[in-house]
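Grab a pencil and work through the exercises below. Try each task yourself before you read its solution.

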Amino acid sequence: MEIELYSVRIVLIGILNIIKSQIMKNLLFLLLSSFVLVFSCANISNSSANTGVIPYPSGKESLKDTLTLIEYPEKVWQQLLSAEEYEILRMKGTERAGSGTYDKNYKTGTYHCKACQLPLFDSKDKFDSGTGWPSYSNFIHNHVEHVFDGSNGWSRTEVVCKRCKGHLGHVFTDGPKPTGLRYCINSASLKFK
Ligand SMILES: [Zn+2]
């Protein structure tokens, strides 16, 4: 009888030990995962604190530096742009046809990106498309980027500024010779100089 009780005690102690070590394992896992979580959160806040340190371009940079990517937090863009400019350049909006400043502007000069000042279109390439939006048959150097746009059920080619990725408008293939292209651009995305 005594031996039986002894064996039962040994078995019980064994089970208790197993339970204890399981609890310890769980505790250790919890401790480790909270450490990893705290560490990764610290990293996230560090990286967001580092964004937006790029100085605002003056428009006087040498051509060599002009295509360095500009990435500002949305809060900074909101401060730099008017509500309409922000809606178009950052939220891919479209101004009402005929409402823009440059639709009927045929002076000689250069159209720069309103957000980052990069020269985008030359007045020699501007033509009257009759659409109500400033239209160009070409762009300056490689200063614009073409992006597929499948929004609203259409297949269009969006045009964005190479340096700040700001939305400018769309390009269509019904333009004048020699390019046959029509860059349909929002006035609010541009600054004429
Ligand atoms: Zn830009």
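Predicted model: local features only at pLDDT ≥ 70, side-chain atom pairs only at ≥ 80, totals over all residues.

**Exercise 1.** Which residues does Tyr 183 touch, leaving out residues up to four places away in sequence?

*Solution.* Leaving out residues up to four places away in sequence, Tyr 183 touches Phe 121, Ser 135, Tyr 136, Phe 139, Val 159, Gly 169 and Val 171. Next, zoom out to the core. The largest nonpolar core has 27 residues, and Tyr 183 is one of those that touch the most other members, along with Leu 120 and Cys 161. At least two residues of this core come from each of these elements: helix H3 (83-89) and strands S1 (110-113), S2 (119-122), S6 (156-161), S7 (167-172) and S8 (182-185).

**Exercise 2.** What is the strand order in the open sheet of three strands, and which are the edge strands?

*Solution.* Start with the order, which is S2-S1-S9, with antiparallel pairing. The edges are S2 and S9 (190-192), since each of them pairs on one side only. On average, neighbouring strands here are turned by 30° against each other, if you ignore direction. Now check the pairs one at a time. S1 and S9 are antiparallel and share three bridges; Cys 113 has Leu 190 in S9 as its bridge partner. Finally, S1 and S2 make a hairpin with five residues between them.

**Exercise 3.** Lys 92 and Gln 117 each have a positive phi. Where is each one found, and is each buried or partly exposed?

*Solution.* Take Lys 92 to begin with. Its phi is near 60°, and Lys 92 is found in the loop between H3 and S1. Now Gln 117, where phi is near 75°. Gln 117 sits in the loop between S1 and S2. With 21 other C-beta atoms within 10 Å, Gln 117 is buried, because the cut-off for buried is 20 or more.

**Exercise 4.** Which two residues does a cis peptide bond join?

*Solution.* Look for an omega of about 5°: the bond joins Lys 177 and Pro 178. To place Pro 178, go to the loop between S7 and S8.

Conventions:
Residues numbered from 1 in each chain as written. Core = buried A, V, L, I, M, F, W, Y, C linked by C-beta atoms within 7 Å. Buried ≥ 20, exposed ≤ 12 C-beta atoms within 10 Å, placed from the backbone. Helix = DSSP H or I, 4+ residues; strand = E, 2+ residues; numbered from the N terminus. Contact = placed C-beta atoms within 7 Å. Pairing = 2+ DSSP bridges. Axes fitted to C-alpha atoms, helices over the stretch in contact; angles between N-to-C directions.
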